[in-house]
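The sequence and structure are shown first.

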Amino acid sequence: MTDYTGSGPYCYANSLVMSLGAPAPSPSLVETLTGSPFGVQLLGGTVPLFDPYGWDPEIGLDDAVDLLGLRCDRTSGGSADEAMARLREACARGPVLVGPVDMGLLLYHPGTPWGPPGGGSPYDGNDHYVVALAADDGTVLLHDPHGHPYATLPVPEFLASWRADAVEYTAEPYVMRAGFERVRAVTEVAAVRAALPGAVAWLAGRTDRAVPAGTVAGAEALERLAAQVEAGMDGGPGGGDNSRLGAGARGLMEAFAVRVGARRLADAAVHVERAGLPAAAGVLREQARLVGAVQYPLVRGGGAAVAEVLRRLAPTYGRLRRELEAVA
């Protein structure tokens, strides 16, 4: 097998790596340690995401930082002036991981602002992470891992994005992480091994996480998604009973969810195999290939083919859980 190297929506993983400086772990290792590859969910019964039930990037970042033997100062809230004062002070000491931010309000991206959530773009209200390099009274200098090194934003526009009003999984504005330092030495293999109990818990379905009503996970999520695809995948609005794949969900899958899902699984396979778990790595590679196989028929309108792949994917999450339980 040839491991994947290339572009992809790894914003928080890439931002963490940039914030740490050299030597730093690979983004693929960070992504694996966040726990994101170990599950699939249909959020609210309508939004397909190839990450675990109840998972979000804030949980994942905290887990990855700890598993890597690091600590940092995480701050949030306060007024806009207080947040900018914190950011300027932190930037004077080094790069700052900023986010979640509202990607649609980062106005150096072509075509922004993308409009209110639900307006039709797959990026409406989308969360994102960036690295702040410097900040003064007028401008913030950023490395944006979505293809924009040394981007600049006027402070009022940056604050509007950083407030993250449209990011559903956080009620905290102005979240940032700075002052990263190592508190214990951890090898890559040890970090992956230490992450396995968490991976099993995500695959089993954690009950301590609040999720929108109607959210389902694992095989049930994929079976329901397959039924929605079969009921209609013409790009029109979904039915009132959530019986069809709505335009917003399809756009999200085409532009983001399938791409990041396949890459997460492919990267996790590499690191799980390096940790001495070839059987689990084999399941992850199978999952990566199946998720990747969704992209073509999804874009070209092949609903029956999409549904067939999703149903083949459904039982693999139970198999992965069993493989990891045996060694966690």
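Helix axes are lines fitted to C-alpha atoms over the stretch in contact, and the angle between two of them runs from 0 to 180 degrees between N-to-C directions. Angles of 65 to 115 degrees count as roughly perpendicular, and those over 145 as roughly antiparallel. The model described here is predicted.

**Helix packing**

| Helix pair | Angle between axes | Distance between axes |
|---|---|---|
| α6 and α8 | about 105° | 9 Å |
| α7 and α11 | about 170° | 8 Å |

With an angle of about 105°, α6 and α8 are therefore roughly perpendicular to each other.

Helix α7 covers residues 218–231 and helix α11 covers residues 303–313. Their angle of about 170° makes α7 and α11 roughly antiparallel to each other. The residues in contact are L222, E223, L225, A226, A227, V229 and E230 of α7, together with G303, V306, A307, L310, R311 and L313 of α11.

**Helix α6**

Helix α6 runs over residues 188–204. Its 17 residues should span 24 Å at 1.5 Å a residue, and this agrees with the 24 Å between its end C-alpha atoms. The helix bends by about 35° at L196, and the proline P197 follows within four residues.

Which residues of α6 are buried? They are A191, V192, A195, L196, A199, V200, W202 and L203. An α-helix has 3.6 residues a turn, so residues three or four places apart point the same way. The buried residues of α6 pack against α2 (27–33), α3 (57–67), α8 (247–274) and α12 (316–325). Just after α6, G205 adopts a positive phi of about 100°.

**Helix α8**

A bend of about 55° is found in α8 at M253. Of the 28 residues, 20 are buried, so α8 is largely enclosed by the rest of the structure. Just after α8, G276 takes a positive phi of about 90°.

**Cysteines**

The structure contains zero disulfides. A disulfide would require a pair of cysteine sulfur atoms within 2.5 Å. The sulfur of C11 has its closest cysteine sulfur in C72, at 16 Å, which is too far for a bond. For C91, the closest cysteine sulfur is likewise in C72, at 15 Å, again too far for a bond. C11 is buried, with a relative accessible area of 12%, and C91 is buried, with a relative accessible area of 10%.

**Residue V17**

V17 lies in helix α1, which comprises residues 11–20. Is V17 buried or exposed? Its relative accessible area is 17%, and V17 is therefore buried, the cut-off for burial being under 20%. Leaving aside residues up to four places away in sequence, V17 touches A24, P25, S26, P27 and V30. V17 and T316 are 299 residues apart in sequence, and their C-alpha atoms are 30 Å apart in space.

Methods
Residues numbered from 1 in each chain as written. Predicted model: local features only at pLDDT ≥ 70, side-chain atom pairs only at ≥ 80, totals over all residues. Heavy atoms only, no water. Helix = DSSP H or I, 4+ residues; strand = E, 2+ residues; numbered from the N terminus. Expected span 1.5 Å × (residues − 1). Bend = angle between axes of the 7 residues up to and from the residue. Buried < 20%, exposed > 50% of the residue type's maximum accessible area, 1.4 Å probe, protein only. Contact = heavy atoms within 4.5 Å. Parallel < 35°, antiparallel > 145°, perpendicular 65-115°, else oblique.
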